[in-house]
Amino acid sequence: MKKDIALYLGSGGARGYAHIGIIHELERQGYNIKFISGSSMGALIGGLYASGKLDLYEDWVLNLDPLDVLKLIDFSFKSGGIIEGEKVFNIIADMIGDTKIEELSIPFVAIATDIKSKQPYYIKEGSLSEAIRASVAIPTLFTPVIKEDMILVDGGICNPQGIVKQEDDSLYSIAVDLNGEEEINEEFQLKNKEKNRFVKKISDFFESKKVVSQKVNSIQIIQDSIETMQKIIADAHLENTKPDLTISIPNDLCSFYEFHKAEGVIHYGVQSAKSLL
């Protein structure tokens, strides 16, 4: 297998932590990432990696517990999204600084969706933090990004695989699919950290948002609808683009909002990559 690769990182909320583990394993095995693109969490992880800030981000998320995640939620009073998202994005912007995409040492593309034109929007230059913010703007959850005459939302709406045709077609292409249908490999998982009683109550709150007495809450309905649509599009996209290798992460590994599960999901990414490479 060639060691110079193009890496395509897909969308999937908190399952995107698996991208971190996969990148670690690729580097450990001597692969050179020469091009990277991504949608939603794939754009976030890819952009942080391309800017040399992924380790800083990883250190931060590994220390998040459910209470920390709740503190980061800033409810929006605007139309277009339940959450403003500024608390989280300000932290990420501080990590990245004023970095421009064209200044990165690795060619990088963030994918967003312009809901006015109903077309994908490929961000290849300009502010890296703004590009990431647009790509992760999950409809109805995060407020969209208004740019010129466009309304930009999550890139996973139109391109959940994060695949972009790049100029150097000699590169070996690896895609990471966060919507896999296979069963979770229990051998890959870490035990959950011990929680104090208060943090456990917060964690139980997140779990309750999945299904409560067989009644699905509205946020879960929205997200499940989006993920169903993305799964259908992703399968078609993979069939048409045919990357050389696809690393698949089960879609039930964790819910899209379980951002307190970084350690286990990162580890799962490492083991998934190791088993295929």
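A: Two strands are said to pair if DSSP finds at least two bridges between them. The strands themselves (E, at least two residues), like the helices (H or I, at least four residues), are DSSP runs numbered from the N terminus. The model is predicted, and local features need pLDDT of at least 70, side-chain atom pairs count only at pLDDT 80 or more, and totals for chains, interfaces and linings use all residues. Residues are numbered from 1 along each chain as its sequence is written, and side-chain values use heavy atoms, with hydrogens and water left out.

Of its 5 residues, 4 are buried, so β8 is largely enclosed by the rest of the structure. Buried means under 20% relative accessible area, exposed means over 50%, and partly exposed is in between (1.4 Å probe, protein chains only).

β8 pairs with β7 in the antiparallel sense, over 3 bridges. In this pairing L152 of β8 stands opposite V145. The hairpin of β7 and β8 has 2 residues between the strands, and E148 takes a positive phi near 55 degrees in it. Most residues other than glycine have a negative phi. E148 is a residue other than glycine with a positive value. At 69% relative accessibility, E148 counts as exposed.

β8 also pairs with β4, residues 108-114, in the antiparallel sense and over 3 bridges. Here D154 of β8 has A112 opposite. β4 in turn pairs with β5, residues 119-123, antiparallel and over 5 bridges; within that pairing D114 stands opposite Q119 of β5. β4 and β5 form a hairpin with 4 residues between them, where K118 in the turn has a positive phi of about 60 degrees.

S40 is a residue other than glycine with phi near 55 degrees, and its place is the loop between β2 (32-39) and α2 (41-50). S40 counts as buried because its relative accessibility is 4%, whereas E148, at 69%, counts as exposed.
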